[in-house]
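Please read them with the sequence and the coordinates open beside you.

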Amino acid sequence: MVKKMKRVYVAIILPSSYGGVVLYKLTRKLIVNGITIPSGFTFDGATVPRICWSIFPPVDKYLPAVALHDYLLSRGEPWSVCNENLFKALEDTGIGAIRFNIIKLAVNVYAEYMIAFKGEK
């Protein structure tokens, strides 16, 4: 079953220099997994190495899930809570099992790195 993509209204903030990060600022509130992300929240889309963008673009139908993940991280929630919310929201997008599992593996590896080497919780 193909699920309808949730609309996300954003302003795109382009980087000031080559190689900088593109940011997305919500222009309307967004509700994901029952959590309200306020208008004005700014995030960077999915953190995906540029070489992988043709397969896993940083902005796709999983953008609401990514916004939720970044929002929860910005509030100081533990990676485990943020990741579980991300995975639930990804399931709701209807992305395929292979894509879901690759994203899940990458997110969990990145979280372990951030916890072990950056001192995040």
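This is a predicted model: local features need pLDDT of at least 70, side-chain atom pairs count only at pLDDT 80 or more; totals for chains, interfaces and linings use all residues.

1. I begin with T93, which has its place in helix α2, where helices (H or I, at least four residues) and strands (E, at least two) are DSSP runs numbered from the N terminus. T93 is buried, with a relative accessible area of 12%; here buried means under 20% relative accessible area, exposed over 50%, and partly exposed in between, with a 1.4 Å probe and protein chains only.

2. Residues are numbered from 1 along each chain as its sequence is written, and side-chain values use heavy atoms, with hydrogens and water left out.

3. On the overall fold, the protein chain has three helices and five strands, and, when read along the sequence, these follow the pattern β-β-β-β-β-α-α-α. The radius of gyration, taken over C-alpha atoms, is 14 Å, close to the 14 Å that the globule rule (2.2 Å times the number of residues to the power 0.38) gives for 121 residues, so the chain is as compact as a globular protein of that length. Along its principal axes the C-alpha trace spans about 40 × 35 × 30 Å.

4. On burial and surface, 31% of the 121 residues of the protein chain count as buried. The accessible surface, from the Shrake-Rupley method with a 1.4 Å probe and, for residues, with only the protein chains shown counting as cover, comes to about 7700 Å², and 60% of this belongs to carbon and sulfur atoms. If contact is taken to mean heavy atoms within 4.5 Å, then among contacts between residues at least 6 apart in sequence, 45% join residues at least 24 apart.

5. How do helix α2 and helix α3 pack? Helix α2 (residues 79–93) and helix α3 (residues 97–118) meet at an angle of about 170°, with their axes 11 Å apart; the axes are lines fitted to C-alpha atoms, for helices over the stretch in contact, and angles run from 0 to 180 degrees between N-to-C directions. The two helices are therefore roughly antiparallel to each other, given that angles under 35 degrees count as roughly parallel, over 145 as roughly antiparallel, 65 to 115 as roughly perpendicular and the rest as oblique. From α2 the contact draws on W79, N83, L86, F87, L90 and E91, and from α3 on F100, I103, K104, V107, N108, Y110, A111, M114 and I115. These residues divide into 11 nonpolar, two polar and two charged, where Ala, Val, Leu, Ile, Met, Phe, Trp, Tyr, Cys and Pro count as nonpolar, Asp, Glu, Lys and Arg as charged, and the others, Gly among them, as polar.

6. N83, found in helix α2, counts as buried at 3% relative accessibility, and, leaving aside residues up to four places away in sequence, N83 touches H69, V107, N108 and A111. H69 has its place in helix α1 (residues 63–74) and is buried, with a relative accessible area of 9%; with the same exclusion of residues up to four places away, H69 touches W79, C82, N83, L86 and V107.

7. L63 also lies in helix α1 and is buried, with a relative accessible area of 6%. Not counting residues up to four places away in sequence, L63 touches V8, F43, G45 and P58, and the C-alpha atoms of L63 and K6, which are 57 residues apart along the chain, are separated by 8.8 Å.

8. A116, by contrast, is exposed, with a relative accessible area of 56%, and has its place in helix α3. The C-alpha atoms of A116 and N101, 15 residues apart along the chain, are separated by 22 Å.

9. Finally, please check the backbone at N33, which has a positive phi of about 55° although it is not a glycine. Most residues other than glycine have a negative phi. N33 is found in the loop between β3 (30–32) and β4 (35–37), and is partly exposed, with a relative accessible area of 30%.
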